[in-house]
Amino acid sequence: MPNTLLSAQGLQKEFRRHPYRFVLEVDRLNLDAGSIQVLMGPNGSGKSTLALLLAGVIVPDAGEVKINGRWSPWTTAGRRFLSYLHEGSWLYGNLSGEANIKIFSVIAAAAYGESPKRLQEKALKYAEFFGLSREDLRKPVHIYSAGMRRKIELSLTLAVDVPIYILDMPTVDLDPESRWRFFNLIQERKQSGAGFLVSTHIPEEAQFGDLLLFIKKGKIVASVYPEELKRYIHNVVVLRFNPFHQEQLRRALQDIKGAWGDKEVRLYNADFSNVIHMAKVAGAEVFEGYETVPHLGDLYTFLTGEMIANIEEAK
């Protein structure tokens, strides 16, 4: 039996700002020890709202969240079991990176009952791991790039030794090497029993999840293990077409889900011969067409309905 670190049932949260209304509804979610769950969905789908609820930052209108089956994240006892990374930047711009690490280490030490010096040393070590030099850390944060800020925020969040990490868009603004370093790090950390919930809208990051949660319009539309990919997508038909004929090709293939680029489309669960025939009838010039196997980027598009504008992101 898996050791469930965090569970949520019947979560509801409504936001109203006339004339707009957004409702998040999550029936059930369990985060197990030693696992990484990747929460995926397009902008505005509810990823950050769900992270805020699970971390105890905001209170739901209905439902409950339990840590180790006992504590609520809205209590002092519950909060000591989790570390939360907010999507937006929260560092002091007028202070150096090193000073920010020192201040937030003191705050975290009081909240978690740890040594400020130990937290500071761990955060500095992680900052170096993510590529920040001592010279970088002595500079004021207001001259940092967004990626440099994120590296310090990640370092502070991961320096805390807790069983649960809720990380909202942790890789936003990071360079490719730092993203790989981050995921390799949490892959190692999960071996000690930690559980990670990581939100993203980058399809290629799905490969790092033990379980993939797809959210759309405030609802989790699927919970998928990576090996279940072909349960949703059996095949992919790829067409490379004349960009001047994209409009008529889209009309002809409008009933088939896919990821569209300017010169290429990946069509899901489609019959190759039928697709070629439909393109020909529509008068769309197809330079090349072939059938291939699906990957996790395709699953993201298929389940969330977000068409990836840059076809390279789906590969």
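1. The largest pocket of this predicted model has a volume of about 560 Å³. A pocket here is an open set of points on a 1 Å grid over the protein atoms alone, where a 1.4 Å probe fits, with protein on both sides within 12 Å along at least five of seven lines; lining residues have an atom within 4 Å of a point. The volume is the space filled by probe spheres set on the points, which are joined across faces, edges and corners. Of 23 lining residues, Ser83, Tyr84, Ile107, Ala108 and Tyr112 are the closest to the centre.

2. Helix 3 gives the largest share of that lining, six residues. Helices (H or I, at least four residues) and strands (E, at least two) are DSSP runs, numbered from the N terminus.

3. The second largest pocket has a volume of about 180 Å³. Of its 13 lining residues, Gly44, Ser45, Gly46, Lys47 and Ser48 are the closest to the centre. Helix 1 (residues 47–54) supplies the largest share, three residues.

4. Four strands form an open sheet in the order 11-12-10-13, with antiparallel pairing; strands pair if DSSP finds at least two bridges between them. Strand 11 (258–260) and strand 13 (286–292) are at the edges with a single partner strand each, so one side of each has no neighbour in the sheet.

5. Strand 11 and strand 12 (residues 264–268) are joined by three bridges. Within strand 12, Arg266 stands opposite Ala259.

6. Residues are numbered from 1 along each chain as its sequence is written. Local features need pLDDT of at least 70, side-chain atom pairs count only at pLDDT 80 or more, totals for chains, interfaces and linings use all residues, and side-chain values use heavy atoms, without hydrogens and water.
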